[in-house]
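Trainee: Before we discuss this model, could you take me through the terms one by one and show how each value is set against its definition?

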Amino acid sequence: MKHGSDPTEDYVTLLTSHQARIYAYIMSLMGSREQALDVLQETNLVLWRKADEFTPGTNFIAWAFRIAHNKVLTHRQRLSRSRIVFDDELLKMMSDEIAASDDDFAQRQAHLSHCLKYLPPQQEALIRQRYVE
């Protein structure tokens, strides 16, 4: 975050810039787009309410993933009354694996951007349209 800037604006920027990653994390644990969107909304509410608990300069995405994981568990508890869901141990294993793989996310993104430069413009546009937009 920028020194001397508005902390609220900085937090909103941080939160919005990580929405896709938080959603992808939740989606990987939920499997259902609709449920993942519900959990994302609940996660965003908690992230907003706890904004003053976040320490600038620390790992925002790890903090957000922990909150999202707790929201997934809460959501699963509500669902377990009416459906078969993943066992908690499996969910924990999946969560740990996803969080660990996120550590090299920026590096993978950089490699992918480099590779896209070698595609013909039309193919690059098609890939970007499908996976970015």
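Mentor: Let us begin with a definition: the expected span of a helix is 1.5 Å times one less than its number of residues, and helices themselves are DSSP runs of H or I with at least four residues, whereas strands are runs of E with at least two, both numbered from the N terminus. This is a predicted model, in which local features need pLDDT of at least 70 and side-chain atom pairs count only at pLDDT 80 or more, while totals for chains, interfaces and linings use all residues. Residues are numbered from 1 along each chain as its sequence is written, and side-chain values use heavy atoms, with hydrogens and water left out.

Trainee: How do you know that the span of H3 is close to the one expected?

Mentor: H3 has 17 residues and reaches 24 Å from its first C-alpha to its last, which is close to the 24 Å expected at 1.5 Å a residue.

Trainee: What makes the pair Glu42 and Arg78 a salt bridge?

Mentor: The term requires a side-chain nitrogen of Lys or Arg within 4 Å of a carboxyl oxygen of Asp or Glu. In Glu42 and Arg78 the closest N and O atoms are 3.0 Å apart, and the pair therefore qualifies as a salt bridge. This pair links distant parts of the chain, since Glu42 lies in helix H3 (residues 33–49) and Arg78 in helix H4 (residues 60–80), 36 residues apart. A search of the whole structure finds 1 salt bridge.

Trainee: What joins the side chains of His75 and Arg78?

Mentor: A polar contact of 3.0 Å joins them; the term covers a pair of N or O atoms within 3.5 Å, where within protein one must be able to donate a hydrogen and the other to accept it, and residues adjacent in sequence count only if both atoms are side-chain atoms.

Trainee: Which residues does His75 contact beyond its neighbours within four places in sequence?

Mentor: With contact meaning heavy atoms within 4.5 Å, His75 of helix H4 is in contact with Met30, Gln35, Val39 and Glu42. Gln35 and Val39 are among the buried residues of H3, and the buried residues of H3 pack against helix H1 (7–17), helix H2 (19–30) and H4.

Terms used
Buried means under 20% relative accessible area, exposed over 50%, partly exposed in between (1.4 Å probe, protein chains only).
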